[in-house]
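Good morning, and thank you for making time for this.

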Amino acid sequence: MSQRLKSLDALRGFNLFFLVALGPVLLNFCNGVPNGCGDWFFNPLSHLLTHEEWEGLTPWDLIMPLFMFISAASIPFSMARYRRERDYKAFALRLLRRVVVLWLLGIVIQGNLRSLDFDHIYLFTNTLQSIAVAYAVAAVLFVFSRPRTQVAAFVVLLLAYWALMEFVSVDGFGGGQYGPTDNLAEWVDRTVLGRFRDGASLQPDGTVYFAPWYTNTWILSSLTFAATGVTGLLAGTVCRNASTLTLRMKKRDWRLSTQGILLLTGVAMVLVAWLWSAEMPVVKRIWTSSMCLLAAGWSFLLMGVFYWWYDAKGKTTGLEFLRTYGMNSIVAYTLEEMVNFRSIPHSLFYGLEQYIGDFYPFVLVLGQAVIIYLILLAMKRLGIFLKV
């Protein structure tokens with residue numbers, strides 16, 4: 001099965017549609033609703049459309065790990081030639097190019113490279129850079145190992161991160177502490193990145209001030225970024241091989257389809273993550289092992305549903321717009337992050353602000369979402385697909 005998976009493009013598109021269109025539009029609508037009017041509905045909905053402050057996992061928190069999962073799931077389709085032909089030089093060049101481009105784009109988008117101010121350039125602080133880490137590890141494992149080794153690598157990465165966070169203690173950080181200011185991953189980022197960490201600034205006396213509002217970690221968390229990438233690689237391998245599994249229960253054989261394997265794996269991961277969370281909390285900001293496992297479980301479940309609908313049943317009616325987002329996902333993400341398209345509806349509809357008040361941001365965000373979609377649709381119809 002070597003053709004492009006429709007379900008993979010659709011799931012990628014679903015993720016980007018939620019990020020650049022549905023989520024912001026719904027959130028701004030909720031924010032425009034007056035206090036006391038439907039609070040029982042709009043307040044919980046707003047919470048689902050924002051990041052969890054610390055412990056827990058909202059649908060908005062799932063966007064980043066699902067992005068990483070999907071990126072790695074494409075590897076068995078895009079990298080199969082290098083493993084088959086053992087063309088390692090070409091593989092290394094392609095992988096290096098992808099990692100460098102993603103890393104630089106991450107600095108441009110969130111690292112403030114456009115300011116040309118060396119003191120405000122952050123080296124490792126963006127989703128695209130975490131994708132680069134996850135993709136690189138997953139790609140190397142795909143080309144140089146078998147699925148059994150890849151599963152072992154996933155387990156080792158999870159346990160290594162957990163062991164370091166649980167048993168290593170430095171200067172009051174770590175030793176089983178998982179708070180925003182006392183975990184080991186926080187100490188590693190402060191030590192390695194220093195003033196080039198997001199939220200950090202160099203003081204007149206030469207010391208580095210770390211803003212208390214910034215609690216995401218990246219260096220040590222790369223272990224679990226990589227683990228997330230391996231889960232995507234395994235899911236992609238299952239789909240590419242159109243894998244099936246026969247289970248014998250009560251003297252009867254039960255045959256699991258590809259989507260069945262994906263769904264069953266997802267359920268198992270969610271259950272194990274839930275059990276693990278009693279000892280190691282689910283915290284997306286530091287990418288704990290339990291969070292990694294939980295997000296991977298939900299990603300497998302979503303992949304199973306999309307594979308069943310798009311590839312097993314061959315259905316696309318009414319949902320083709322998702323592939324419009326999915327086939328130019330990096331463009332969609334970059335446009336949403338870098339270009340202020342809200343200025344266009346503002347220049348056209350600014351007179352409405354005096355009449356609709358708090359709903360005016362909703363109009364602007366809706367206009368931006370429509371403009372980005374029209375750009376992606378035009379690119380699709382022209383056959384323009386930008387890849388990294």
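Helices α3 and α12 are roughly perpendicular to each other, a label that applies from 65 to 115 degrees, with under 35 counted as roughly parallel, over 145 as roughly antiparallel and the rest as oblique. Before the details, please note that this is a predicted model, in which local features need pLDDT of at least 70 and side-chain atom pairs count only at pLDDT 80 or more, while totals for chains, interfaces and linings use all residues. Residues are numbered from 1 along each chain as its sequence is written, and side-chain values use heavy atoms, with hydrogens and water left out.

Helix α3 covers residues 59-73 and helix α12 residues 289-312; they pack at about 65°, their axes 9 Å apart. Helices here are DSSP runs of H or I with at least four residues, and strands are runs of E with at least two, numbered from the N terminus. Axes are lines fitted to C-alpha atoms over the stretch in contact, and angles run from 0 to 180 degrees between N-to-C directions. On the α3 side, Leu-62, Pro-65, Leu-66 and Phe-69 meet residues of α12 that include Trp-298, Phe-300 and Met-303, where contact means heavy atoms within 4.5 Å.

The second pair is α6 (residues 88-110) and α7 (residues 127-144), which pack at about 170° with axes 8 Å apart. That angle makes α6 roughly antiparallel to α7. Among the residues making this contact are Phe-91, Leu-95 and Trp-103 of α6 and Ile-131, Tyr-135 and Phe-144 of α7.

I turn now to α9. Its buried residues are Leu-184, Ala-185, Glu-186, Val-188, Asp-189 and Leu-193, buried meaning under 20% relative accessible area, exposed over 50% and partly exposed in between, with a 1.4 Å probe and protein chains only. Their cover includes α8 (147-167), β1 (169-170) and β2 (173-174). After α9 comes Gly-194, with a positive phi near 55°.

Where is Arg-197 found? Arg-197 lies in the loop between α9 (184-193) and β3 (200-202). Because its relative accessibility is 1%, Arg-197 counts as buried. Its side chain makes a polar contact of 2.6 Å with that of Glu-186; such a contact is a pair of N or O atoms within 3.5 Å, one able to donate a hydrogen and the other to accept it, and residues adjacent in sequence count only if both atoms are side-chain atoms. Leaving aside residues up to four places away in sequence, Arg-197 also touches Tyr-122, Asp-189 and Phe-210, among others.
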